[in-house]
Amino acid sequence: MSDAPSGAEETHRLVAQRKEKLAGWRETGHAFPNDFRPTARADELQRRHADDDAEVLEAGSAEVSLAGRMLAKRVMGKLSFATLQDASGQIQLFVQRDLLGEDAYKAFKQLDLGDIIGVRGTLTRTKKGELSVKAVELRLLTKSLRPLPEKWHGLSDTEARYRQRYVDLIINPQTRAVFAARSAILRTVRGFFEARGFMEVETPMLQAIPGGAAAKPFVTHYNALDHDFYLRVAPELYLKRLVVGGLERVFELNRNFRNEGLSTRHNPEFTMLEFYQAYADYQVLMDDIEALLRELSRVVAEQHPEARNAEAVELDKPFERLPMKDAVLRYNDRLEAADLEDAARLRSAAEAAGVRGEDSWGPGKWLTELFEATVEHQLIEPTFVTDYPAEVSPLARRRDDDPSVTERFELFIAGREVANGFSELNDAEDQAERFRAQAAAKDAGDDEAMYYDADYIAALEYGLPPTGGAGIGIDRVVMMLTGASAIRDVLLFPQLRPQKSS
């Protein structure tokens with residue numbers, strides 16, 4: 001039997017050693033200082049001096065100060081090297097005893113990987129050509145008590161990366177790159193809509209009636225009002241109230257909550273963009289979404305190429321627009337157009353594809369389920385699927401030439417739904433009837449059916465202009481543009497099952 005310590009025992013030993021060093025540091029009276037101010041960042045220095053040789057650097061370089069985490073250290077007698085990482089990147093430190101001083105050099109040798117340090121010095125370039133800071137001052141700012149992992153990969157560590165995202169961000173530059181790209185995507189979205197005259201707004205997260213999407217809500221109790229409230233599943237009905245009020249172009253970029261499963265594509269808390277434009281229809285929305293996504297793709301490719309992997313999607317081709325029935329026929333070669341008009345044959349085809357439904361379902365619901373089972377995952381190139389059945393589109397305007405379908409679309413890219421939009425239903429009486437049908441479905445046991453929202457009907461009775469509105473799942477857009485395979489990879493703190501206490 002091996003006498004080698006386990007991983008947990010070794011970690012405990014190293015933590016004990018570091019705590020002992022911290023105790024000695026406290027005795028100096030200078031533990032955890034907060035008076036060091038960096039004047040430069042690693043990436044800025046790397047870019048500015050990329051072409052400067054050692055002679056140029058040492059002749060003209062002023063002093064710089066940097067702060068960050070020490071990720072590597074090589075001690076070689078009177079000369080040592082270290083790697084400092086700040087929020088922007090990494091740079092090498094050139095640490096010489098004669099330049100730093102005997103006591104400071106001795107203190108440097110006692111530092112551990114992961115310690116946060118401040119360094120002041122001038123720039124040089126080593127014989128191997130690496131830009132370095134020649135340290136004249138080096139101070140410990142924060143003692144790291146836990147050792148950084150030597151390896152942070154493989155299936156055994158995947159969940160640990162999500163649970164301890166702070167460690168993942170320290171170790172993994174790809175993770176930092178993905179979230180820098182996500183931040184750029186959010187900035188670009190806001191700029192896109194503001195340039196087109198849209199106003200950014202905020203609507204309630206806690207709602208007395210959860211509406212705007214067919215989804216199961218989270219329920220909470222408001223003690224002061226002694227009433228149950230719901231975390232919103234969508235902001236849609238509030239945003240359309242604003243259009244009724246005369247705010248003709250609005251958008252919201254915020255969180256939604258749906259009490260549904262966890263998967264590689266689903267997190268119960270997620271970020272959505274929703275936008276509404278008066279005097280526009282679903283065709284206008286598709287044009288806008290295509291332009292937006294192409295701009296987001298360009299920004300990520302040009303500004304954050306390090307965030308992309310081989311699975312990242314390119315959006316340089318025109319998006320196809322395909323009616324749902326045509327999509328079902330394209331990917332179900334045994335079906336004919338007449339089959340989609342016969343409720344019994346449509347149900348038979350859906351059940352043959354593995355759909356398990358209810359006797360109460362109409363042909364529109366069976367068609368949609370058949371589409372989801374057999375077509376969605378095959379839509380790799382960007383495709384707007386249009387003409388959704390009215391039965392599954394309770395908030396969308398019916399087509400004038402075919403009232404059985406609506407002016408609605410969903411956008412699919414790489415087999416994933418990315419956006420959903422439609423010409424809004426602004427007929428208060430039609431909307432009230434559809435709400436009543438949804439309420440009946442809820443009473444029959446459908447947890448995802450919508451509630452009847454009397455105040456929203458009242459808003460429509462004041463008059464909603466002809467309007468188009470759409471929602472885009474931002475998390476899925478980030479996945480698509482970076483090539484991430486799981487939604488957890490683009491959420492800083494994804495929802496995880498609670499850990500069992502030992």
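Predicted model: local features only at pLDDT ≥ 70, side-chain atom pairs only at ≥ 80, totals over all residues.
Residues are numbered from 1 along each chain as its sequence is written. Local features need pLDDT of at least 70, side-chain atom pairs count only at pLDDT 80 or more, totals for chains, interfaces and linings use all residues, and side-chain values use heavy atoms, with hydrogens and water left out.

Helix 12 (residues 343-352) and helix 13 (residues 363-374) have axes that come within 9 Å and cross at roughly 30 degrees. Axes here are lines fitted to C-alpha atoms, for helices over the stretch in contact, with angles from 0 to 180 degrees between N-to-C directions; helices are DSSP runs (H or I, at least four residues) and strands likewise (E, at least two), numbered from the N terminus. Helix 12 is therefore roughly parallel to helix 13, a term for angles under 35 degrees. Contact (heavy atoms within 4.5 Å) involves, among others, Leu346 and Arg347 of helix 12 and Trp366 and Leu370 of helix 13.

Helix 9 (residues 236-244) packs with helix 15 (residues 454-462) at an angle of about 25 degrees, their axes 9 Å apart. Helix 9 is thus roughly parallel to helix 15. Leu237, Lys240, Arg241 and Val244 of helix 9 meet Asp455, Tyr456, Ala459 and Tyr462 of helix 15.

Thr124 lies in strand 4 (residues 116-125). With a relative accessible area of 5%, Thr124 is buried, that is, under 20% with a 1.4 Å probe and protein chains only. Beyond four places in sequence, Thr124 touches residues including Leu57, Glu58 and Lys134.

Conventions
Parallel < 35°, antiparallel > 145°, perpendicular 65-115°, else oblique. Buried < 20%, exposed > 50% of the residue type's maximum accessible area, 1.4 Å probe, protein only.
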